[in-house]
Amino acid sequence: ENPDRSLALTSLVEGDATAVMTLYLQAVAERNPLAVFSLLAEGFQAGTLVLPQGIPDILVDELLLPYEAGMEFVIAVSRNGGWEAVDAAYANPPTTSEQILHPQKYVEGEGAQEVMLDDASAALGEGWTLVWDSPLGEFYLRSHLETQLSTRDAENAAAGWGGDRFHIYDNEGLTAWTLRIAWDTPEDRAEFEAFYTEFASAKFSGDAEAGCWSGRDAVLCLLETDKDTLIVFAPTLDLAKLLGAA
């Protein structure tokens, strides 16, 4: 029900295991360097160190994050209290991918802000149903941005994420969605919206009209609110406006 929270929990477990494995390999290398090559060869022969070809980038990134960023997270936690702090993290686990990507936020106890979205299925009209209601999270937001922006720009745009809510609506195969994002500071919000304008312009190969970019069969809008960022996606401009207003 909350993939971002699940990813954070998995990152603690796999990051812990990867950190211990790395320390073990280092200890083995100090005693017998040739034994390390034997261990790595066994991994390759078993296929555990090679990903099958053709996996979409988002799934590769999602699979590797718990091992790579998770290990960095565990190491950062251990620096603030040793392995006892890592053990304690199982009783007080990370709750967002933001805490994995920025371990200091976990150490300082910074969790996600609660963000609310109303169910807009009635406003969209007959046949529309809310099929997904969950936070998206910094990792998945960053992955979304990377479909049009460089990795560095996507990371800079998503940094400062404070919390969000993500709704997906379905109507016999037609899809619409809404994403509302809270930010740590107004500057973080402004930076994201500047990058998202670049994102949308690249995706739809054109300039926005009243905050909306239109393609052949989809419309993406970046709408103004008092303090949060609101993004809506719908098959038509009329539906996008109804979704944004709701």
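Axes are lines fitted to C-alpha atoms, for helices over the stretch in contact, and the angle between two of them runs from 0 to 180 degrees between N-to-C directions. The views below show a predicted model.

**View 1**
Two packed helices are described by the angle between their axes and the distance between the axes. Helix α8 spans residues 138-145 and helix α9 spans residues 151-158. Their axes come within 9 Å and cross at roughly 140 degrees. On the α8 side, the contact is formed by Glu138, Leu141, Arg142 and Leu145, which meet Ala154, Glu155, Ala157 and Ala158 of α9. Five of the residues in this contact are nonpolar and three are charged, with no polar residues.

**View 2. Helices α8 and α10 are also in contact.**
The axes of α8 and α10 come within 11 Å, crossing at roughly 40 degrees. This pair is therefore oblique as well. Leu141, His144 and Leu145 in α8 meet Phe192, Tyr196 and Phe199 in α10. The contact of α8 with α10 comprises five nonpolar residues, one polar residue and no charged residues.

**View 3. The largest nonpolar core contains 41 residues.**
In soluble globular proteins, nonpolar side chains tend to be buried together. Within the largest core of this model, the residues with the most contacts are Leu141, Leu145, Phe192, Tyr196, Leu220 and Ile231. Helix α10 (residues 186-204) gives the most to this core, contributing six residues. A second, separate core has 15 residues, among them Trp128, Cys212, Val219 and Ala240.

**View 4. Tyr196 and its contacts.**
When neighbours within four places in sequence are left aside, which residues are in contact with Tyr196? They are His144, Leu145, Trp177, Leu220, Leu222 and Ile231. Of these, Leu145, Leu220 and Ile231 are also listed, like Tyr196 itself, among the residues with the most contacts inside the largest core.

**View 5. Val77 is a buried residue of helix α3.**
Helix α3 covers residues 57-79 and includes Val77. Is Val77 buried or exposed? Buried means under 20% relative accessible area; Val77 has a value of 6%, so this residue is buried. Not counting residues up to four places away in sequence, Val77 touches Gly82, Ala85, Val86 and Tyr106. Leu64 lies 13 residues from Val77 along the chain, and the C-alpha atoms of the two are separated by 19 Å.

How values were computed: Residues are numbered from 1 along each chain as its sequence is written. This is a predicted model: local features need pLDDT of at least 70, side-chain atom pairs count only at pLDDT 80 or more; totals for chains, interfaces and linings use all residues. Side-chain values use heavy atoms; hydrogens and water are left out. A nonpolar core is a set of buried Ala, Val, Leu, Ile, Met, Phe, Trp, Tyr and Cys residues joined through side-chain atoms within 4.5 Å. Buried means under 20% relative accessible area, exposed over 50%, partly exposed in between (1.4 Å probe, protein chains only). Helices (H or I, at least four residues) and strands (E, at least two) are DSSP runs, numbered from the N terminus. Contact means heavy atoms within 4.5 Å. Ala, Val, Leu, Ile, Met, Phe, Trp, Tyr, Cys and Pro count as nonpolar, Asp, Glu, Lys and Arg as charged, and the others, Gly among them, as polar. Angles under 35 degrees count as roughly parallel, over 145 as roughly antiparallel, 65 to 115 as roughly perpendicular and the rest as oblique.
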